[in-house]
Amino acid sequence: MNMKESFFTKMIKFVYGINEPFDEFTNKVISEAANKVAFGLIIFLFVSSVVSTVIGKFYDNSNVAIGLIFSDLMAVLIALTYINVVVKRYGLDEYDYSNDNERKRAIRSYFVQNTVTLVFLMMFIVCLNLVLDGDFGVIFFTVYAVLYIFSIYLGYRRKFK
């Protein structure tokens, strides 16, 4: 029975470089994880909206906005981490490549996944810097980005060579 894949399933396949269709069990696991993430994010967004409205009456709105952005980034990182745990638990990231095109697609998705992670982590660090009124400076961000890109390269060498 051919069922149309959901957007979330297509996104998981794209991010992890999976070319083959999921079996029924894997599709069920991915759908359950997607439902949990969606339900959790909906509840979180509702609660954070109400809380920020209440807190906005007592504090400066710019501080409330920064706190809301920070908490939203935390929620997205938690959701991405949960999906990553589910994918690794069921071995969906381990894949035998039958041809060179599949391997290239997996390499591309590996770099896309890690680039998205780097962007979210940098936004998290910027928000943390704003919330804590710290002075991390450009050097910190540059060193962190270079070290992260180096770790991506080492992971690439370990996984694809």
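Predicted model: local features only at pLDDT ≥ 70, side-chain atom pairs only at ≥ 80, totals over all residues.
1. Helix 2. This helix covers residues 24-56. With 33 residues, helix 2 reaches 47 Å from its first C-alpha to its last, close to the 48 Å expected at 1.5 Å a residue. Its buried residues are Thr-26, Val-29, Ile-30, Ala-33, Ala-34, Val-37, Ser-48 and Ser-52. They pack against helix 1 and helix 3.

2. Helix 3. Residues 61-89 make up helix 3, which has 29 residues and a reach of 42 Å between its first and last C-alpha, close to the 42 Å expected at 1.5 Å a residue. Val-64, Leu-73, Ala-75, Leu-77, Ala-79, Ile-83, Val-86 and Val-87 are buried in this helix. The partners against which the buried residues of helix 3 pack are helix 1 (7-16), helix 2 and helix 4. After helix 3 comes Gly-91, with a positive phi near 70 degrees.

3. The largest nonpolar core. This core has 15 residues, and those with the most contacts inside it are Phe-8, Ile-12, Phe-22, Ile-30, Ile-83, Val-87 and Leu-92. Helix 1, helix 2 and helix 3 are the elements that give two or more residues to this core. The most comes from helix 2, with five residues. Ile-30 is listed among the buried residues of helix 2, while Ile-83 and Val-87 are listed among those of helix 3.

4. Phe-22 and its surroundings. Which residues is Phe-22 in contact with, leaving aside its neighbours within four places in sequence? They are Thr-9, Ile-12, Lys-13, Asn-27, Ile-30 and Leu-92. Among them, Ile-12, Ile-30 and Leu-92 are also named with Phe-22 as residues with the most contacts inside the largest nonpolar core.

5. A second core. There is also a second, separate core, which has 12 residues. Ala-106, Phe-141, Ala-145 and Tyr-148 are included in this second core.

6. Tyr-110. This residue lies in helix 4. Is Tyr-110 buried or exposed? Its relative accessible area is 11%, under the 20% limit, so Tyr-110 counts as buried. Not counting residues up to four places away in sequence, Tyr-110 touches Val-15, Ile-152, Gly-155, Tyr-156, Lys-159 and Phe-160. Tyr-110 and Ser-48 are 62 residues apart along the chain, and their C-alpha atoms are separated by 32 Å. Ser-48 is one of the buried residues of helix 2.

7. Phe-120. Helix 4 also holds Phe-120. With a relative accessible area of 21%, Phe-120 is partly exposed. The residues that Phe-120 touches, not counting those up to four places away in sequence, are Leu-73, Val-76, Leu-77 and Leu-80. For Phe-120 and Leu-77, a separation of 43 residues in sequence goes with 7.5 Å in space, C-alpha to C-alpha. Leu-73 and Leu-77 are both listed as buried residues of helix 3.

8. The salt bridge. How many salt bridges does the structure hold? The structure holds one. In it the side chains of Lys-104 and Asp-100 meet at 3.5 Å, N to O. Both residues lie in helix 4 (residues 100-131), four residues apart, about one turn of the helix. An α-helix has 3.6 residues a turn, so residues three or four places apart point the same way. Lys-104 counts as exposed at 51% relative accessibility, and Asp-100 is partly exposed at 42%.

9. The nonpolar surface patch. Phe-39, Ile-43, Phe-46, Val-47, Val-50, Val-51, Val-54, Ile-55, Phe-58 and Tyr-59 form a nonpolar patch on the surface. Together these residues have about 1000 Å² of accessible area. Ile-43, one of the patch residues, is found in helix 2 and counts as partly exposed at 41% relative accessibility.

10. Val-54. At 45% relative accessibility Val-54 is partly exposed. Along the chain Val-54 and Val-146 are 92 residues apart, and 41 Å separates their C-alpha atoms.

Methods. Residues numbered from 1 in each chain as written. Heavy atoms only, no water. Patch = residues over 30% accessible without salt bridge, like charges linked within 9 Å, V, L, I, M, F, W, Y side chains within 5 Å. Areas by Shrake-Rupley, 256 points an atom, 1.4 Å probe, with all protein chains shown as cover. Salt bridge = Lys/Arg side-chain N within 4 Å of Asp/Glu carboxyl O. Buried < 20%, exposed > 50% of the residue type's maximum accessible area, 1.4 Å probe, protein only. Expected span 1.5 Å × (residues − 1). Contact = heavy atoms within 4.5 Å. Core = buried A, V, L, I, M, F, W, Y, C linked by side-chain atoms within 4.5 Å.
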